[in-house]
Amino acid sequence: MKIGRNDPCPCGSGLKYKKCCMQAQQQSQENLKELYYKRYKIRLKEEEEDIQGIRRAGDLVVQTLDLVQEVIRPGVSTEYINGLVHDFTVQNGAVPAPLGYNGFPKSVCISVNEVICHGIPGEYELGEGDIVNVDVTSRLGGYYADASRTFQVGEVGEDASRIVDVAYHSLMQGLDQVRPGNTVGDIGWAIQRFAEKEGCSVVREMVGHGVGFEFHEPPQVPHFGKKGHGIILVPGMVFTVEPMINLGGRELRVLEDNWTAVTRDGSLSAQFEKTVAVRANGCEVLTPWQ
């Protein structure tokens, strides 16, 4: 049951909640914010303003991915998808965060088949049986949210279907570990354990990241690791979980454009991503695509 500011404090003091334990809890959170910024450069988010702002940006990201899903079919170029994402984002009063970020030339990352991430949209036309990851980040009202989905183009083969399925469930395994008192290592441990049990591999070089005030913030969130290791999760942390799972080996190489990362052995790769907030009672997904 939610306690109102003017309700009797549940500690039994006889005072109103706002005059008693509410103040103590707020003071504790302020101390935690100071500690996490000083120790890790992690900026914890406030419920009333920050998380609501990220949630609104996340709603737009989800709407954008839903729009992309409607046009995914053989013959559609990745440049067409880029234009669709750009126009829809701007029309809704937001900014496509990838455009110009460290020199990235487009408004969205689109990664097809053996491309792990950071694919640059262009003339390539999707073909029957392709898998394509579309990674959308929007800045709305000063807040960022980030999510991606891997789509199947028409009828796909057994390998393509399998890697998409493993990547999706790898993400869900990671999200199950997001709650106060767990660690960043718990997230990576759960993902790595599941993906490798399925005979796939986890990319090590690309990780999840803090998000909200900036496109990329501390902490880094590896998708591999050891249970109980790493930073302890506390309410107010907002970050992405975005495992990149390869059907073959985990090694990658970056193409001459200095962006596009592909599997070294040419095997298929898939990824799903959500922005999440650590809440007092667990995890809230701020980009709740289905």
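Trainee: How many bridges join β11 to strand β12, and which way do the two run?

Mentor: Three bridges, and β11 and β12 (residues 261-263) run antiparallel. Strands here are DSSP E runs of at least two residues and helices are H or I runs of at least four, numbered from the N terminus, and two strands pair if DSSP finds at least two bridges between them. Bear in mind that this is a predicted model, where local features need pLDDT of at least 70, side-chain atom pairs count only at pLDDT 80 or more, and totals for chains, interfaces and linings use all residues. Residues are numbered from 1 along each chain as its sequence is written, and side-chain values use heavy atoms, with hydrogens and water left out.

Trainee: Got it. What's the bridge partner of Arg253 in β12?

Mentor: Val262 is the bridge partner of Arg253.

Trainee: And what order do the strands of that sheet come in?

Mentor: β3-β12-β11, three strands in an open sheet with antiparallel pairing. β3 (115-117) and β11 (252-254) are at the edges with a single partner strand each, so one side of each has no neighbour in the sheet. From one strand to the next, the twist averages 40 degrees (axes are lines fitted to C-alpha atoms, for helices over the stretch in contact; angles run from 0 to 180 degrees between N-to-C directions).

Trainee: What about the largest nonpolar core, which residues have the most contacts inside it?

Mentor: Val132, Met237, Phe239 and Ile245, in a core of 64 residues. A core is a set of buried Ala, Val, Leu, Ile, Met, Phe, Trp, Tyr and Cys residues joined through side-chain atoms within 4.5 Å. Another core, of seven residues, lies apart from that one, and Ile116, Val203, Met206 and Leu252 are among its members.

Trainee: Which residues is Phe239 in contact with?

Mentor: Leaving aside neighbours within four places in sequence, the partners of Phe239 include Val178, Ile187, His209, Leu233 and Val278. Contact is heavy atoms within 4.5 Å.

Trainee: OK, charges. How many salt bridges does a search of the whole structure find?

Mentor: Eight, each one a side-chain nitrogen of Lys or Arg within 4 Å of a carboxyl oxygen of Asp or Glu. Take Lys33 and Glu46, whose closest N and O atoms are 2.7 Å apart. Lys33 lies in helix α1 (residues 21-40) and Glu46 in the loop between α1 and α2 (47-71), so the pair ties together parts 13 residues apart in sequence. Lys33 is partly exposed at 22%, and Glu46 is partly exposed at 30%.

Trainee: Where do Lys45 and Glu217 sit?

Mentor: Lys45 is in the loop between α1 and α2, while Glu217 is in strand β8 (residues 217-221), 172 residues apart. Their side chains meet at 2.7 Å, N to O, in a salt bridge. Lys45 is buried at 4%, and Glu217 is buried at 9%.

Trainee: Last one: are Arg279 and Glu284 buried or exposed?

Mentor: Both are buried, and their side chains form a salt bridge at 2.2 Å, N to O. Through shared partners, salt bridges join Glu47, Arg55, Arg279 and Glu284 into one network.

Terms used. Buried means under 20% relative accessible area, exposed over 50%, partly exposed in between (1.4 Å probe, protein chains only).
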